[in-house]
Amino acid sequence: MIVIVRRCLIGVCVACGLVSAAGASARAQDSTLQRALRDELDRSMRGLRLGQLERPYFIAYRAYDARSIGASATGGSLLSSGTRHSRNVGPEVRVGDYAFDNTNFMNFGSSGMLMALGGEDFDFGAGSLPLDDSYLEFRRQVWLMTDMAYKHAAETYAEKRAALLNHSRRDSLPDFSRVTPTQTIDTTSVITLDRAEAESLVRALSAVAEFARLDRSSVRIGVDNTDQYLLNSEGTSAFVRRPQFSLTASASTQATDGAPLGASFHVYGHSLKDLPSREELARDIRTLALHLDSLRSAPVLEHYSGPVLFEGRAAAELFAERFAPALVGRRTPQGSADFAAMMDATGRGATPLSDRVRSRVLPNSMTVVDDPTLTTQDGVPLLGTYRVDNDGVPARRTVLIERGIVKQVLTTRVPVRGFLESTGNRRGDGAAPSNIVVTTTNGVSDAELKNRLVTMVKDRGLDYGLIVRELGSGAVNRDDPSAMMSELRGRGAGRLVLLAYRVYPDGREELVRGARLLGVSAESFKDIVAVSGRTTVLHRPTIAMGAFPFSPPMEMLESLGDLAGESLPLASYVVPSLLFEDVSLERSSGEQPRPPLSPPPGR
C-alpha cells in the first residue's frame, strides 16, 4: 500500500496537550456555551410560536469553538503568520412534523428565491458568538438566531403547503426520519503548535532550491483545534474535539510555449506525533519541483482516445473526485418547473446511484465500503474516523457497492428514494464520505497492469497507450482568486492531467503535458477492465457532495474551510490502480499567457 498524502508532519517542535476523556467530559458538561444552548433550547421548544402558525417540532443547535494557528512562506520568506479564535452556532428549526415540514422545498418568489432545502443544506440565521464566556450574551445571540430561523421556517411551511395544493408531490417520502437519541463525548488530544517553529519550518521548506526557483511557490502549515457541540430537542447531545493539521506545498511555472503548469501536495492529520521528518518533506517538495521542471519542454498531447491506466495517486484522486459524489444520496426538493430546470442546469438534478440500486456500476470483482469506525487500513492511519455524525447518529460500516452492484448510498436523516434511514454520514451540511475502501477479488501486480495496457494497444493497432500518475492542480495559489475560478471553470471543460506518459508497444514511456480528461463521470467506471492488488491511500477534505457532479479541487476545499473559520472534515480513500478500456483526452484549449519577458531576479 502506498500513502500519497501523509498523515502529518514532524520536524516541528510541538507540545501536545493531552486531554483525558474524563477531563473533556467535565468541561463539556460545565461549558458555559453548552448550558446557554441547552437552556435556550428548552425555552424555545416551550414558547416559540408566531400567531396561529405551527410550533417547532424539532430544534437543533450546532456550535463550534475553533482556535487555529498558521504560517506560510515563499522562497524562504514569511508570507503570513497568525492565530485565530472564532465561535459560531447554527440553529436548525423544523415546523410541521416528520412526514411533512418546511424543508425539502424551494420556490421563486417576488422578493427573490426563497430557499428551504432543509437544515442539512444550510443553517438559516447562523452567526457568530462572543469569545468571552458570557452566559447571558450567549443566550441573547442564540435567541435572536432561533427567532429568525423559526420565522423563516413557519413562513416557508405555509408556502410549501399552499404550493403543493396546486400540484401533486413528486414523492411521498417523509421529510425527516426518526432516530434514537444519543449522548456522546468524543475527544482526542489537543494539538499545540509552536508558532516560531511553524514559521521556521515553512521558511525552510519554501527555500528548497529547486522549489524556490519556480515562478511561484509557497508552503503553508496550519493547526485547528475545534470543539463541536450538538444539542437537539429529541434529547441528543454530543461534544466532539477533533484537532486537525494540514500542510500544503504548491508551485506553478510555464512551459516553453507559455502553457501554465501547476502542482501541489497536501499533508493532513489529527496528530503531529507520527509525522515524517523535515528532510523527507524537503525531498517531496524537491520531487514536485523537478516534475514541473521536466514538464516545461515535454511534448504536448494533442488528442487521445483509447485505454488509459490510472496509477496510484491519480486513481485515488479520480475516484474521489468523479465517482465518490455519486455515492451520496440526493433528494431534489419540491418546487416549480423553473426551479427544476435550474437544478438540472447547475448539476444538482443529476442522477445519483440511489436511482441505480441493484444495477452494475463497477466490474463484478469490485466492492466499495464506507466505514467511519475504521482507524487504519493495512497499518496505514485513516482520517475519516468518528463516533457520531453531525446529527448525533452513530457511525457504522456501510456496504455501498458489492461485487459491482449498488446496494446503498450515503444518507443523513433526510430520506432519499429507496433509503429512509440515515447511514450516519452527515458531515458538515449534508452527507459525505468518511473512510472509503475499494477492494477487488482479482487484483494484479503493477507490472501486469502495464502489460495489459500494452496488449490492448497492440490489439487495437494504436501507436501508444497512456499512463496517468498524477492529476494536475490549476489553482496552485490559494491567495489568487482568479486562479481558483480558472480552475473551477476548467473542470467543466475536463479534468487537468499533470503527469501523463505515452506507453509504446515496446513498453517505452514518454512524458507528455497539456491534456485534460474529457467526459469522465461515475458512469465511466463501469468500463474498468483491470485493477491492481495494491492500494493507495488518499486523504482530503470533504464537503456535502450530493449537490455536485464532481468534488471541488483540494485548494478550493481548503479555502472553503478558511472562509468558515474552521477546517473541513477529512475523508480517506483506499483505491487500487485502475485500467480503463476507453478514455478521451485532448489538449487544453484557449490562449496561453506569455512567459515573463526577462528572467527572475538573481539568475
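The secondary structure of the protein chain comprises 11 helices and 28 strands. The model is a predicted one. Of the 603 residues in the protein chain, 56% are buried. Among contacts in the protein chain with a separation of 6 or more, 79% are between residues 24 or more positions apart.

Two helix pairs were examined. Helix α2 spans residues 32–47 and helix α3 spans residues 135–165. Their axes come within 9 Å and cross at roughly 45°. At that angle α2 is oblique to α3. The crossing of α2 past α3 is right-handed. On the α2 side, the contact is made by T32, L33, R35, A36, L37, D39, E40, R43 and S44. On the α3 side, Y135, F138, R139, V142, W143 and T146 take part. By residue class, this contact of α2 with α3 holds 7 nonpolar, 3 polar and 5 charged residues.

The second pair is formed by helix α4 (residues 195–206) and helix α6 (residues 278–295). Their axes lie 10 Å apart, and the packing angle is about 35°. Here, too, the crossing is right-handed, with α4 passing α6. Helix α4 contributes E197, S200, L201, A204 and L205 to the contact. Helix α6 contributes R278, L281, A282 and I285. The residues of the contact of α4 with α6 divide into 6 nonpolar, 1 polar and 2 charged.

Aromatic rings were considered next. The count comes to 12 aromatic pairs, with ring centres within 6.5 Å as the criterion. One of them joins F310 and F580, whose ring centres are 5.4 Å apart. The planes of the F310 and F580 rings stand at 80°, above the 60-degree limit, so the pair is edge-to-face. F310 belongs to strand β14 (residues 303–310), and F580 belongs to strand β28 (residues 570–587). The pair therefore ties together parts that are 270 residues apart in sequence. Both partners are buried: F310 has a relative accessibility of 0%, and F580 has one of 1%.

F319 and F525 form another aromatic pair, also edge-to-face. The distance is 6.0 Å centre to centre, with 85° between the planes. F319 lies in helix α7 (residues 312–323). F525 lies in the loop between β26 (515–518) and β27 (528–541). This pair therefore ties together parts that are 206 residues apart in sequence. F319 and F525 are both buried. Ring pairs link F310, F319, F323, F525 and F580 into a cluster.

G392 is placed in the loop between β17 (380–381) and β18 (398–402). Its relative accessible area is 4%, under the 20% cut-off, so G392 is buried. Residues up to four places away in sequence aside, G392 touches T182, L230 and T236. L230 is 162 residues from G392 along the chain. Even so, the C-alpha atoms of G392 and L230 are separated by 7.4 Å.

Notes
Residues numbered from 1 in each chain as written. Predicted model: local features only at pLDDT ≥ 70, side-chain atom pairs only at ≥ 80, totals over all residues. Heavy atoms only, no water. Axes fitted to C-alpha atoms, helices over the stretch in contact; angles between N-to-C directions. Helix = DSSP H or I, 4+ residues; strand = E, 2+ residues; numbered from the N terminus. Parallel < 35°, antiparallel > 145°, perpendicular 65-115°, else oblique. Left-handed = near helix turned anticlockwise from the far one by under 90°. Contact = heavy atoms within 4.5 Å. Nonpolar A, V, L, I, M, F, W, Y, C, P; charged D, E, K, R; others polar. Phe/Tyr/Trp six-rings, centres within 6.5 Å; stacked < 30°, edge-to-face > 60°. Buried < 20%, exposed > 50% of the residue type's maximum accessible area, 1.4 Å probe, protein only.
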